There are 2 protein chains.
Amino acid sequence: MATMTNPARRRLKPDERRAAMLDAAGDVLLKDGIGALTLRHLALQLGVAPGLVNHYFPEIEALVAEAFARIAEGEVATLFAAATGISETVAPDPGAPDPVAQIARLVTDLLDPQRRPVSLLWLDAWQASRNRPRLRAAVIAAMDLWQDRLCALITDGGFAAPDPAAAATRILALIDGLSIQAVMDEPGVQGPDKTGHAILRGMVIDGVERELGIRLGLV
Amino acid sequence: MATMTNPARRRLKPDERRAAMLDAAGDVLLKDGIGALTLRHLALQLGVAPGLVNHYFPEIEALVAEAFARIAEGEVATLFAAATGISETVAPDPGAPDPVAQIARLVTDLLDPQRRPVSLLWLDAWQASRNRPRLRAAVIAAMDLWQDRLCALITDGGFAAPDPAAAATRILALIDGLSIQAVMDEPGVQGPDKTGHAILRGMVIDGVERELGIRLGLV
DNA sequence: GCGCTTGTTGTCCACTTGATCAACAGGCTT
DNA sequence: AAGCCTGTTGATCAAGTGGACAACAAGCGC
């Protein structure tokens with residue numbers, strides 16, 4: 001529904017069209033992966049001629065990189081906003097949950113099964129960025145963003161982590177690694193689903209608690 | 001040139017040719033990734049007509065899956081043999097290195113920068129297996145193999161891990177996640193190389209020690 | 001209202017992929 | 001040494017890719 005074939009092929013302003021393309025590209029990325037983000041596929045989704053995509057994005061790679069960056073940065077913003085409380089107020093009032101609750105919320109949201117498409121996209125991006133410099137730059141930037149934000153959360157929280165940056169890196173690595181296992185285990189309905197959601201969740205929680213020297217109040 | 005008639009274009013027996021193809025396919029996988037394992041590329045490497053590859057592997061996917069399985073299983077066998085085999089350290093009893101040394105050796109080998117191509121292949125395989133059932137099966141089997149072997153090592157070692165299986169999963173996830181960061185950070189010469197080999201190594205060691213309640217004698 | 005800028009179209013190109021197949025020839029059997 | 005089984009060839013197919021292009025037309029300024 002984000003991109004229904006436009007029966008009335010309007011003539012949009014450049015930035016409108018460009019934005020529409022980025023939106024559609026994001027949908028394609030999350031739904032079908034980087035490999036499916038082709039000129040014709042995107043044009044079809046937009047109800048538009050293939051050449052038009054090329055007109056706005058002379059190089060497909062730029063489109064991929066930009067669409068990925070959009071999704072990744074949006075995710076970071078959303079998740080950290082939810083964890084730290086929507087208000088950006090500097091005052092430590094009711095608006096600011098206690099540090100442990102912030103971490104707990106962040107971990108909970110990160111492990112939400114609905115985030116699965118994003119995990120798949122990350123996996124896709126890591127691999128595809130091998131041969132695509134612009135995408136690689138976007139991926140590295142997004143990873144650094146995650147690292148910085150989480151590190152700040154840990155530092156500000158005053159946890160008993162000797163090296164907040166290293167703790168953040170390890171936590172993210174743990175989540176990434178376990179997400180891969182979850183991704184691999186899921187769609188194949190064969191097997192006992194060894195790394196089901198609950199177990200995966202428990203593992204991340206254990207790791208985080210061990211890393212930060214706290215007890216998250218999570219089940 | 002393209003098919004410079006192999007000076008020695010011998011006529012091999014079916015199983016010889018098949019084995020040669022799997023070997024060459026493995027080389028391609030480690031050197032250029034799954035995406036480079038095409039009929040023509042492989043045929044060129046072998047000095048053989050493209051159709052011949054298709055003759056032995058009617059579906060390319062089967063070739064990919066089999067070549068990957070070969071590499072992955074070979075790696076597991078090699079690394080665990082080195083870890084549990086005749087001790088190269090100062091362990092007094094030749095036949096059985098002490099458990100901590102086994103883990104230390106395994107971790108050391110796993111973090112060897114020379115293993116980088118294998119990390120890239122794994123990353124590639126995780127992503128590519130999304131649309132390739134046979135490769136997916138091989139990947140899952142290899143992951144299970146890693147899990148089982150490491151879990152056995154932990155269990156037999158009698159470490160203070162409440163849940164050996166979970167500990168193994170978390171350790172592998174940590175290594176995978178950190179390997180991804182290493183892979184992403186390396187080739188781009190920009191930046192201060194935040195997750196350089198030494199730092200990465202330290203993080204894995206810390207994580208393993210925390211997971212198993214031991215001190216590896218590693219620097 | 002007309003005219004022109006420019007968003008948009010649809011087709012075309014060169015290239016790569018996996019796969020097929022008749023024809024060729026290597027080398028073991030007789 | 002002859003003959004045949006079969007490993008091997010190389011041309012060819014259809015599909016799909018990113019990219020380039022002249023021509024069309026929508027909508028704004030005059």
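Let me begin with a word we'll need: two residues are in contact when they have heavy atoms within 4.5 Å of each other. Keep in mind, too, that what we have here is a predicted model.

Now, chain A. Of its contacts with a separation of 6 or more, 64% are between residues 24 or more positions apart. Which elements make up this chain? Buried residues account for 50% of the 219 residues in chain A.

Let's zoom in on one pair of helices. H7(A), residues 133-157, packs against H8(A), residues 164-185, at an angle of about 125°, and their axes are 8 Å apart. H7(A) is therefore oblique to H8(A), and the crossing is right-handed. Who meets whom? On the H7(A) side, the residues include Trp146(A), Leu150(A) and Ile154(A), and on the H8(A) side they include Ala168(A), Ile171(A) and Leu172(A).

Over to chain B, and helix H5(B), residues 99-110.

Which residues of H5(B) are buried? Among them are Ile103(B), Leu106(B), Val107(B) and Leu110(B). Here's a handy rule: an α-helix has 3.6 residues a turn, so residues three or four places apart point the same way. As for what covers the buried residues of H5(B), that includes helices H4, H7, H8 and H9 of chain B.

Technical notes: Residues are numbered from 1 along each chain as its sequence is written. Chains are lettered from A and ligands numbered from 1 in the order in which they are written. This is a predicted model: local features need pLDDT of at least 70, side-chain atom pairs count only at pLDDT 80 or more; totals for chains, interfaces and linings use all residues. Side-chain values use heavy atoms; hydrogens and water are left out. Buried means under 20% relative accessible area, exposed over 50%, partly exposed in between (1.4 Å probe, protein chains only). Helices (H or I, at least four residues) and strands (E, at least two) are DSSP runs, numbered from the N terminus. Axes are lines fitted to C-alpha atoms, for helices over the stretch in contact, and angles run from 0 to 180 degrees between N-to-C directions. Angles under 35 degrees count as roughly parallel, over 145 as roughly antiparallel, 65 to 115 as roughly perpendicular and the rest as oblique. A crossing is left-handed if the near helix is turned anticlockwise from the far one by less than a right angle, and right-handed if clockwise.
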